[in-house]
Amino acid sequence: MSTSPSPTAAAPRGRISRILNVPFWAQILLGLVLGALLGWAAKSGDIGWLGTTLGKVGDIFVQLLMLVIAPLVFFAILVSITNLRNVSNAARLATRTLMWFMITSLIAVVIGLAIGLLTDPGAGTGLTAADGAEPKKHGSWLDFLTGIIPTDIVTPFTQLKVLQIVFMAVVVGIAILKTGEKAQPVLTFSHSVLELLQKALWWVIKLAPLGTVGLVGTAISTYGWGLLSKYATFTVDIYVGCAIVLFGVYPLLLAGVAKVNPLRFFKGAWPAIQLAFVSRSSVGTMPLTQKVTERLGVPKEYASFAVPFGSTTKMDGCASIYPAIAAIFVAQVFDVPLEVKDYILIAFVSVIGSAATAGLTGATVMLTLTLSTLGLPMAGVGLLLAIDPIVDMMRTATNVAGQSVIPIIVASREKILDRAAYDTADGSHLEDEPVAEVRTAPVAA
């Protein structure tokens, strides 16, 4: 007697299989459209329960991402430091990575300044000082420098002080290398914990389309389209500036410096760029960023250093384009003239102080650091908080793209890029696996 399923029984399973195999980018796009429609319905129809539901869905997704960020950053940076021992010319790779971080940050801030000066984003908005409010926390150079070193080992994790977590991870990673064989159990444990964290975060990443519905829907239902009228020029400036870097500067660098096809980069890296756009967190996207970077031919040992490092320091959107345009916006609203030296200061802050953003949602700390350096009113930060969720999506997408582009450039220049892997990279299909292969080679004494 035949036990094969009947055509009618097989049909539903076939439809379910097709749904589950929808490309990740299509799932995200569907989430964006559905979120926009539901957010518009909640706003225009004054449907309170719908707005609340969208908010809860978005909050839960972000909370799940944030839940693993502190330990993920610590163990990812720690392991990345120890992985450098497996890479020849590690010091040169680290130096060139940092150099390219600074070069692209300078290019991005110049683009931001040029757009701001050409468009006058703060002119004619109708906003005044009364519309803004000074933030509770400021960013200053003293706070930035002293804030790197923690006062205890618990607070950075409970209060999510990413720079302090990075500092401790670097110290422990170097100590493991210096200790040698005796530190092998600690390194093995760190690899295991990192793989567990990546696996858990991978499950959260799979929920990104649902999170997209909540986050986009909440933004629209809370602020509506009317908010964009006062901030129209500013919002367009941010998106245009980020688009120029993302689709102009990066492809030129890939083609001219790395000698690779830029279109292949976007095909391979697109899942990470999409998730960054939705989650607004470079650190939350880090496992996926590392995965697509490795798929694009960057060796695991180097990618496991460059991507975590970039996720906490490489911020062309949040730390270069945004503060440049935002500073001009605030100066115009408060009628404070800026001089050439002020624009030079903006560039300096963007290139040197980008680590202040630390890969978290939003760039308020970087903005307050820029405004305090220029002597502009801190109340200007309050003017931009309402529009922040909308512009932050594009800023973070630009950040994450850069965090993958630079390792490709450096790997290509150092002749360690797997060009065959790059030329065949396809990031549309997401495998349910952790990002980095666990390596437990003995620590060199």
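Rings of Phe, Tyr and Trp (its six-membered ring) pair if their centres lie within 6.5 Å; planes under 30 degrees apart count as stacked, over 60 as edge-to-face and the rest as tilted. This structure holds eleven aromatic pairs.

Start with Tyr231 and Phe329. Their rings are stacked, 6.0 Å centre to centre with 25° between the planes. The pair links distant parts of the chain, 98 residues apart. Tyr231 lies in the loop between helix H11 (227-230) and helix H12 (232-256), and Phe329 in helix H16 (residues 316-333). Helices here are DSSP runs (H or I, at least four residues), numbered from the N terminus. Tyr231 and Phe329 are both buried. Buried means under 20% relative accessible area, exposed over 50%, partly exposed in between (1.4 Å probe, protein chains only).

This is a predicted model: local features need pLDDT of at least 70, side-chain atom pairs count only at pLDDT 80 or more, and totals for chains, interfaces and linings use all residues. Residues are numbered from 1 along each chain as its sequence is written, and side-chain values use heavy atoms, with hydrogens and water left out.

Next, select Phe305 and Phe309. Both sit in helix H15 (residues 300-313), four residues apart, about one turn of the helix. Phe305 is buried, at 7% relative accessible area. Phe309 is partly exposed, at 22%.

Now pick Phe74, Phe75, Phe157 and Phe189. Ring pairs link these residues into a cluster.

Move on to Arg395. Its charged end sits over the ring of Tyr322, 4.1 Å from the centre. That wording requires NZ of Lys or CZ of Arg within 6 Å of the ring centre and within 35 degrees of the ring normal.

Finally, show the whole chain. There are 21 helices and zero strands. Of its 445 residues, 54% count as buried.

Notes: Helix = DSSP H or I, 4+ residues; strand = E, 2+ residues; numbered from the N terminus.
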